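Please look over the model below before reading on. The report takes it part by part.

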Amino acid sequence: MAIRMLPWSLIKVKTHCNLCAMQCGLKFWVEPANGQVIGVEGDYDFPTTHGLMCIKGSVSYKQVHHPDRLTRPLMRKSLSEPLQPASWEDALSFSAGRIREIQAAHGREAMGVYGGGALTNETAYLLGKWARLVLKTPHIDYNGRFCMSSAAAGQKKAFGVDRGLPFPAGDIALAKCILLVGSNVAECLPPLMSYFHKAKEQGAVIIAVDPRTTDTGRIADGVLRIRPGTDLALAQTLLHVLIRENWIDRRFIAEHTTGFEAVEASVQACTPAWAEAIAGIPAPQIEETARVFASASESMVLTSRGAEQHSKGVDTVLAFINLALATGKVGRPGCGFGTLTGQGNGQGGREHGQKADQLPGYRDISNPAHRRAVAQVWGVDESEIPGPGLSAYELLDAVSRKKIRGLFVMGSNPAVSAPKAGPVRDGLKALEFLAVSDFFLSETAAQAHVVFPVALSAEESGTTTNLEGRGLLREKAVDPPGDARPDWQVLCALAGRLGRPEGFRFQNSEAIFNELRRATRGGAADYSGISYEKIRAARGVHWPCPSDDHPGAPRLFEDRRFWHPDGKARFHALSYRPVAEEPDAEYPYVLTTGRLLEHYLSGNQTHRLEELESRHPEPLAEIHPDLAKDLLVKTGDLVRLTTRRGQVALRARVTPEILPSVVFVPFHWGGARCVNLLTNPALDPVSRMPEFKACAVRIEKEEPS
Ligand SMILES: Nc1nc2c(c(=O)[nH]1)N[C@H]1C(S)=C(S)[C@@H](COP(=O)(O)OP(=O)(O)OC[C@H]3O[C@@H](n4cnc5c(=O)[nH]c(N)nc54)[C@H](O)[C@@H]3O)O[C@H]1N2
Ligand SMILES: Nc1nc2c(c(=O)[nH]1)N[C@H]1C(S)=C(S)[C@@H](COP(=O)(O)OP(=O)(O)OC[C@H]3O[C@@H](n4cnc5c(=O)[nH]c(N)nc54)[C@H](O)[C@@H]3O)O[C@H]1N2
Ligand code: SF4
Ligand SMILES: [Mo]
């Protein structure tokens, strides 16, 4: 075997993985002679991940020089023509022309913008500013609506602030009991497992709540196999037991919270027998969970999308926060409630104004004082900033109803990731103008009139904020290929063509970040004291960081002061409600959806990498042996899944590690294998999160044709 020598001149550029919210610290190996990224290693100095990464991070650098990269703008006047390479000049002028025409004929609000949690803070900030000042439309939202919106709304209601983990990841290792609800850490945030392992070594009890026993469940001391969409009943009942046994901290409740009396009354009828009937978890397991949670010196509740992607996601989050508050297990190391953020910049992406109801610094677009603060930085009158717009699914639905006639998508692939994807795709196809910026041609970009080829994170510096609220810097390692440009340059160029260049003249992404710092000053997510230099020196700075000499705030609520004006956390009295679509005679099972280790979201970045694709080349429907027996199906056989919204045929994987009444399908595939052709867009009334995790499904054996 030939030994490949690494060039002596190899440069190692410190950066972070461009996929999930772990934002693993990596060093890209760059060969200076040809400006190629030729490898990667873990960065042992990055304090959150200590050199760890997952299989995706170990090969994701291969995106940089991938032959599928978009290197020239693509364009066509109508969908009946193929996309053709075009110059930037032509693509930008055509786009500006179409936008002008649409807005002249149908009003400003006929244009919509759809962003993503993968965008850097700089791009997310600029996209929000661009939608509101250049397009002057209220309709900008982003894919995080499908991701963190329920967790964010719950934390904001209860604590007055939303930072996914209000403590550093290292605190997980200090917990003695961890309730992990709807969270598959082992596949979705693999390096975070090191903290769970450490906690276990130090005697922690881990209880997972999931309809499946995943690799995460395998390290747990117990898995509560819950019926999808019933976590609220479990949380209510855990609180019932804590109160019944007097395992609550009345002093903490009196000093640091409000609203407990109403909550106490609201869980009176929530007995373990009641929860067993709803959630399918044996009553003794619920009693035991409450006992372990209460008796541990430090207990923690962590939720992820399994608990949150429901039409009652916010109430479910609030119910689990109630548990932490009632036991006083908040605000000291090893204790607390947290949500595990998903996308690379899922945290920063929801702070800087690409969400329909927000302005930078986690400000509220309906609050006059917040609007004035941002208007001042933008140099406009407050009245120039539009009000709140439509949420992500409602925006896509407005496309179907022709209320939105033109759409600009940056950093998302809704043709695969949106619920009820059939009508969403039809809507995208019927748009008068669709522009997409991406570095690979996604299923959404394939429906566009204009595709802007953009830089990957290795090709442009920019900041992200990881799952602990730590602002990070990804350093540029190489130049973008061909004519590809950073996202922010596309926005600035279009601003010029649309006659609004003021406020969109930047030399580099650091200049945008410096404006973002000013725009966030005084907001909840205050970045004003964070700078590129400071991040470089400290390997990240946690917000809030309100001044140059402030070190950042790894732990919120340390002095048990919460962010409501009175410093107290809020209990919320809740009442149980079932999933929007319960199984019945026609659709007798529950379909739930989620992730696999090897693929990332809509798969546009991972299907192209051989090492990942070969390990998981197709979506499999996980079903229990009892169900398989009834259907006369074995692993590898084709099954047809049918819901009220569509049909999908997939191969089955028979596994005892799922509830017999449930089918699990990963959502990383588009086309006819897209599970979102089946999912239910029933929305949470507060967060507008769709019910990705539970709908009624029929399953039949499909005879090969
Ligand atoms: N490999 C990989 N990693 C990723 C991603 C990826 O696509 N691939 N995406 C990133 C992103 S954006 C996100 S948001 C995170 C998501 O991270 P997770 O939320 O951990 O991932 P999911 O697989 O969506 O769901 C977690 C678990 O919820 C369970 N579940 C389903 N329904 C229910 C229910 O009703 N109640 C409960 N308690 N559990 C339920 C599923 O069986 C699943 O094991 O992962 C991030 N990391
Ligand atoms: N059934 C089901 N559906 C789900 C979920 C589920 O659990 N079940 N989970 C939901 C969740 S949590 C999420 S986060 C969404 C995510 O769903 P999507 O928003 O579709 O996520 P991605 O596949 O990451 O799409 C990002 C697109 O932007 C590109 N991209 C990445 N980085 C950049 C960048 O910096 N600039 C630009 N211009 N483009 C970039 C990628 O190549 C990709 O094409 O899916 C949701 N949909
Ligand atoms: S995908 Fe997530 S866990 Fe894997 S290397 Fe990238 S940031 Fe780390
Ligand atoms: Mo997500």
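## Basis of the model

This is a predicted model, in which local features need pLDDT of at least 70, side-chain atom pairs count only at pLDDT 80 or more, and totals for chains, interfaces and linings use all residues. Residues are numbered from 1 along each chain as its sequence is written, chains are lettered from A and ligands numbered from 1 in the order in which they are written, and side-chain values use heavy atoms, with hydrogens and water left out.

## Domains

The domain assignment of the chain gives domain 1 (11–63), domain 2 (74–139 + 359–542), domain 3 (149–339) and domain 4 (589–701). These bounds come from an automatic or database domain assignment.

The centres of domain 1 and domain 4, taken over C-alpha atoms, are separated by 31 Å. Domain 1 places nine residues in contact with ten residues of domain 4. Contact here means heavy atoms within 4.5 Å.

## Ligand 1

The shell around ligand 1 holds 34 residues, and the closest are N184, D210, D231, R595 and H599. A residue is near a molecule if one of its heavy atoms lies within 4 Å of it. By class, the shell has twelve nonpolar, 14 polar and eight charged residues. Ala, Val, Leu, Ile, Met, Phe, Trp, Tyr, Cys and Pro count as nonpolar, Asp, Glu, Lys and Arg as charged, and the others, Gly among them, as polar. Three elements each supply at least two shell residues: α5 (185–188), α13 (305–308) and β23 (589–594). Helices (H or I, at least four residues) and strands (E, at least two) are DSSP runs, numbered from the N terminus. Ligand 1 lies between domain 3 (149–339) and domain 4 (589–701), because both give residues to its shell.

Polar contacts are pairs of N or O atoms within 3.5 Å; within protein, one must be able to donate a hydrogen and the other to accept it, and residues adjacent in sequence count only if both atoms are side-chain atoms. R595 brings a polar side-chain atom to 2.6 Å from an oxygen atom of ligand 1. The backbone also takes part: a polar backbone atom of C188 is 2.8 Å from a nitrogen atom of the ligand, and a backbone N or O atom of L596 lies 2.8 Å from a nitrogen atom of ligand 1. On its own, ligand 1 has 910 Å² of accessible area, and the protein covers 99% of that. Accessible areas come from the Shrake-Rupley method with a 1.4 Å probe; for residues, only the protein chains shown count as cover.

## Ligand 3

C17, L19, C20, M22, Q23, C24, M53, C54, K56, G57, P190 and P191 surround ligand 3. Nine of these shell residues are nonpolar, two are polar and one is charged.

## Helix α4

Helix α4 (residues 149–159) is largely enclosed by the rest of the structure, because nine of its eleven residues are buried. Buried means under 20% relative accessible area, exposed over 50%, and partly exposed in between (1.4 Å probe, protein chains only). The buried residues are S149, S150, A151, A152, A153, G154, Q155, A158 and F159. Their cover includes α13, α14 (313–326), β13 (336–339) and β22 (569–570). Just after α4, G160 takes a positive phi of about 85 degrees.

## Backbone features in loops

R539 is not a glycine, yet has a positive phi of about 55 degrees. R539 sits in the loop between α21 (532–538) and β21 and is buried at 14% relative accessibility. L601, also not a glycine, has a positive phi of about 45 degrees. L601 belongs to the loop between β23 and α22 (610–613). L601 is partly exposed, with a relative accessible area of 21%.

The peptide bond from W543 to P544 is cis, with omega near -5 degrees. P544 is in the loop between β21 (541–542) and β22.

## Two buried loop residues

N676 is in the loop between β27 (662–666) and β28 (680–683). N676 is buried at 2% relative accessibility. A polar atom of the N676 side chain lies 2.8 Å from the backbone oxygen of V416. Not counting residues up to four places away in sequence, N676 touches V416, S417, A418, P419, K420, A421, F667 and F692.

P138 lies in the loop between α3 (121–135) and β7 (140–142). P138 is buried, with a relative accessible area of 7%. Beyond residues up to four places away in sequence, P138 touches E109, P386, G387, P388 and G389. P138 and D215 are 77 residues apart in sequence and 42 Å apart in space, C-alpha to C-alpha.
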